[in-house]
Amino acid sequence: MERRNFIKISALTGVAATLDACRAPDKQLIRFIPEENLIPGIAVWKPSICTLCSAGCGLQVRVMQGDAEVERHGERGLIKMGLAKRLEGSPQNPINAGKLCARGQAGLQVLYHPDRITKPIKRSGARGSGQFQAISWDDALKELTSHLTALQASRSANALAFLARPLRGQRRELIEKFLTAFGAPPAVWYEPFDEAVLRQANLLSFGHAALPTLDLARADYVISFGADFLGTWNSPVAQSIGYGAMRRGRPGRRGKFVQVESRMSQTGANADEWIACKPGTEGVLALGIAHVILSQKLAPQSIASPAASRAGSQIAGWSAGLPEFTPEAVEKQTGVSAAVMTRLAHEMTLSGAAAAIVGGAPLAQTNGLFSALAVNALESLVDANRDEGPILGFTPEPPLSNAGEPAAPAQASFARLNSFAQSVLSGKAGTPQMLMLYDANPIFSAPPATKIREAIARIPTIVSLGSFIDETSAQADLILPDNAPLESWLDSVPESGSFQSLIGLAPPAVSPLHETRPMPDVLLGVAQHLGGDLAKALPYATFDAMLKAALLPLRAQGGSVAAKTDDDFWQSVQTQGGWWSAPAAAGWKSAAAKPAAMPQGKQASHALTAPEFAGSATDFPFYFQPYLTPSFGDGSTAHLPWMQELPDALTTAMWSSWVEIHPKTGAMLGIQQGDLVEIASQAGSLRVPAVLSPGIAPDLLAMPVGQGHENFGRFASGHGANPLSILAPVVEPSTGSLAWAATRVKLARVGGPEQAKLVLFAGGMSGFPHDEKPR
Amino acid sequence: MHPEHPVQPIAFTHTVHLAKRMQCTTCHVGVSQGPDAQIPNVTFCMGCHMVIDTNNPEIKKIAAYQARGEDIPWVRVYNYSPSAHVRFNHAPHIRAGVACSTCHGDMTKQTTAERKVNLNMGFCVECHKQKRVSVDCDTCHF
């Protein structure tokens with residue numbers, strides 16, 4: 001064919017194809033009759049609650065009419081409906097005051113995710129094969145109730161197990177009531193990074209088994225031992241707001257911030273001073289500082305205060321002035337110089353309002369409880385005895401009997417999961433025969449030594465109530481998909497982040513896109529169907545009736561909603577996005593300043609124990625620290641593409657995993673930026689690209705958690721590696737919590753950058769100005 | 001651009017409805033409230049046609065749509081191409097007393113709507129100048 005003819009023909013066919021495509025594309029899909037009447041083009045902001053971490057920030061959702069591609073009565077088509085277009089923080093909410101983090105904004109992608117399970121499905125192939133067939137809701141509910149009645153009929157109701165992410169509020173209440181009335185054991189609440197150690201330490205030191213709420217806006221000096229409080233720890237949005245006010249909100253008065261950690265976090269990068277400390281010795285460093293304060297009588301009034309003597313009494317040798325923790329002795333253990341310690345002690349006590357906080361890796365050691373108690377003792381020494389109250393306090397529980405978790409910390413979730421797995425594997429009578437799964441993915445997030453994968457494979461019936469296929473729900477026999485959070489009635493009882501007691505509540509912001517049903521409504525329906533004790537314990541047709549019944553007693557408490565009738569109150573709570581106590585309540589400062597009564601039998605003080613690690617220092621020369629990222633948390637938001645493409649704040653890496661290695665270590669082992677390396681522990685090995693970063697101790701390797709999914713939708717599967725899969729099952733002994741920073745590893749280069757997939761958005765950290773040139 | 005004489009799934013006649021003294025806003029309820037005038041869905045049509053003129057073959061077609069749970073797939077008559085990067089909001093024009101016929105022609109003489117007026121930028125600017133309202137670019141291009 002001549003060139004000229006070829007061009008003519010291709011031009012003509014191209015035009016024909018384009019015209020064909022342009023012809024009324026709407027005709028390809030039918031239009032369903034809209035289920036709601038909205039004015040097109042007008043946006044409405046509706047309240048909701050963020051569910052992507054446990055902080056419980058208030059949301060406002062921009063809802064506008066749009067065309068959604070949906071399936072109705074077995075046919076695909078378009079429907080005009082209210083669609084969520086944008087998430088922002090709710091300005092009235094006491095926690096986030098109109099702000100929202102990147103993960104929170106990605107909540108939209110949970111709603112519109114192409115991998116959402118859109119209707120009930122039943123396993124059709126072998127278990128775990130990923131083969132499911134769609135079934136109707138009637139059949140799905142029939143199947144679920146028939147399994148439950150079979151358990152009841154065979155008098156083995158205690159063989160029902162419920163595995164879920166730790167919840168607070170009425171969803172937890174509902175599951176607990178359901179299990180109790182059914183006769184099943186309590187739910188296995190599982191979360192790999194569950195803060196049980198910190199709650200236990202706070203109970204002993206301050207009398208509150210909760211995460212602290214920090215009034216950073218008033219602080220002049222903050223020292224944080226490993227707490228990534230601007231990124232992932234506790235209530236990051238609330239803390240970022242307070243931090244902003246502390247640094248720049250008071251002209252002429254900028255608070256100083258010191259971060260102690262072995263791997264530089266996003267929070268550490270913000271600090272005035274970053275101090276690397278040997279893993280597991282953070283508590284020792286805190287006591288070294290406390291020793292200087294005590295021996296030089298730098299805070300004479302605080303030393304005798306009830307708060308300091310209470311928190312101090314947890315530490316052996318406190319009343320004698322911590323004789324073992326002289327700066328010189330502490331320098332040997334921690335690697336931090338005695339001069340720095342002395343200077344920090346002086347700075348802290350000379351500045352106005354100082355606070356010491358602890359979180360993250362220091363608590364994930366075998367001596368985590370001791371480290372937390374040590375930092376708490378230092379905190380009460382520098383932060384007590386001020387008229388305006390301390391920086392560190394605790395959010396008051398809402399005045400409802402069943403609002404939050406019980407005051408005493410329950411078993412750590414790792415211990416719960418372990419004993420669950422062992423009871424299944426033991427195969428004794430009364431072991432779980434049926435498992436209900438909700439929003440927990442232990443096959444991905446528990447170390448392989450728990451054998452949870454094998455345990456779950458042995459359970460005859462597995463029913464998932466989640467919205468996505470992940471490693472754990474892929475094993476399910478039946479999936480009854482939940483609505484997305486924006487399509488659901490939501491409540492939250494934030495543990496921290498607010499100085500007022502607070503309950504978040506929101507009606508669905510949008511109608512369900514797909515044929516899903518809210519998990520609470522499914523459980524309530526099943527309870528009614530099974531009758532008996534269950535129907536009596538849960539006498540509600542829908543979840544909103546249960547929420548209303550639970551929240552109405554708050555009307556008498558005043559607070560943020562003034563209403564004459566119950567119905568007015570219920571309406572106002574929904575418009576406001578929750579209820580909170582009046583801001584002027586003096587409860588926060590006085591309650592926080594006054595130490596609660598010492599629990600009986602807990603008087604024993606704690607002596608220093610050296611951290612223990614899985615693996616010997618000769619075979620496995622490096623400490624290994626998996627760390628949480630703002631994008632993925634524990635990995636449960638890795639399926640959101642916005643989170644995948646969000647560059648890491650320090651390395652700028654995205655869409656992958658990597659390991660952070662100090663440039664000196666890299667030079668010693670011949671590892672260069674982007675090389676493929678193998679990290680091996682006693683429990684397993686993995687391969688990832690290397691990122692040379694000066695913000696890490698030379699004997700430490702750090703890896704972000706969240707990637708390495710085998711089966712979690714199109715955006716997460718097959719990216720990177722999962723650092724939790726090489727963790728040894730080391731625990732903090734007093735709580736049974738997973739000591740996720742207590743595994744030692746070895747490192748070797750196995751390939752060049754062409755074999756690794758390292759995607760960097762920009763250059764990353766080149767080095768510290770005061771370092772010798774690292775590369 | 002869309003055709004000037006689009007073929008609609010239902011041979012709706014504006015003439016007949018307007019002759020019965022119905023107002024434009026009876027059906028196009030969004031016109032005074034927001035950007036989009038809105039075309040009512042099939043349930044709204046059937047609100048009257050459950051009882052009125054039920055033997056008319058076109059009305060039977062509408063009833064059939066409703067019975068199938070489908071909305072009527074109307075073909076757009078007026079629209080801008082996305083590359084024009086322009087936004088139009090009906091509500092302020094209605095508030096300012098601009099007659100519907102200024103931009104849509106005399107609907108009493110049309111059966112299914114036809115594009116009687118070519119809504120290009122010249123047309124908009126001309127009218128804005130006459131009425132002495134803003135001709136800043138970002139009034140419409142934002």
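Hi everyone, and thanks for coming. A word on bookkeeping before we look at anything. Residues are numbered from 1 along each chain as its sequence is written, and chains are lettered from A and ligands numbered from 1 in the order in which they are written. The model is predicted, so to speak of local features we need pLDDT of at least 70, and side-chain atom pairs count only at pLDDT 80 or more, while totals for chains, interfaces and linings use all residues.

Let's start with chain A as a whole. Chain A holds 25 helices and 30 strands; helices (H or I, at least four residues) and strands (E, at least two) are DSSP runs, numbered from the N terminus. The radius of gyration of chain A is 27 Å, close to the 28 Å that the globule rule gives for 775 residues, so chain A is as compact as a globular protein of that length. That radius is taken over C-alpha atoms, and the rule is 2.2 Å times the number of residues to the power 0.38. The C-alpha trace spans about 80 × 80 × 60 Å along its principal axes.

How much of chain A is buried? The share is 54% of the 775 residues. Buried here has 20 or more other C-beta atoms within 10 Å of the residue's own, exposed has 12 or fewer, and partly exposed lies in between, with C-beta atoms placed from the backbone. As for contacts (C-beta atoms, placed from the backbone, within 7 Å), 76% of those in chain A between residues at least 6 apart in sequence join residues at least 24 apart.

Chain A is divided into domain 1 (121-192 + 402-493 + 512-579), domain 2 (196-393) and domain 3 (622-760), with bounds that come from an automatic or database domain assignment. The centres of domain 1 and domain 2 of chain A, taken over C-alpha atoms, are 38 Å apart.

Four strands of chain A make an open sheet in the order E1-E4-E3-E2, with mixed pairing; two strands pair if DSSP finds at least two bridges between them. At the edges are strand E1 (30-31) and strand E2 (44-49) of chain A, each pairing on one side only. Strands E3 (residues 58-72) and E4 (residues 75-89) of chain A are antiparallel, joined over 14 bridges. E3(A) and E4(A) form a hairpin with two residues between them, and His73(A) in the turn has a positive phi of about 50°. In this pair, Glu71(A) stands opposite Arg76(A) in E4(A). Arg62(A) is worth a look too: its bridge partner in E4(A) is Arg86(A), and Arg62(A) in E3(A) is also the bridge partner of Trp45(A). E2(A) and E3(A) themselves pair in the antiparallel sense over six bridges.

Next, a three-stranded open sheet, E18-E19-E20 of chain A, with antiparallel pairing. Strand E18 (490-492) and strand E20 (578-580) of chain A stand at the edges with a single partner strand each, so one side of each has no neighbour in the sheet. Strand E19 (residues 502-506) of chain A runs antiparallel to E20(A) and is joined to it by three bridges, with Ile503(A) opposite Trp579(A).

Further along, strand E29 (residues 743-751) of chain A has two antiparallel partners to point out. Strand E21 (residues 622-627) of chain A joins E29(A) by three bridges, and Phe622(A) stands opposite Val745(A). Strand E24 (residues 676-680) of chain A joins E29(A) by five bridges, where Ile679(A) has Leu747(A) as its bridge partner.

Why is helix H6 (residues 196-206) of chain A described as largely enclosed by the rest of the structure? Ten of its eleven residues are buried, so H6(A) is largely enclosed. Those buried residues pack against elements of chain A including helix H14 (368-383) and helix H15 (413-426). After H6(A) comes Gly207(A), with a positive phi near 85°.

Finally, chain B. Chain B has eight helices and zero strands, and its C-alpha atoms fill a box of roughly 50 × 30 × 25 Å along the principal axes. Buried residues make up 9% of its 142 residues.

Thanks, everyone!

Notes
Two residues are in contact if their C-beta atoms, placed from the backbone, lie within 7 Å.
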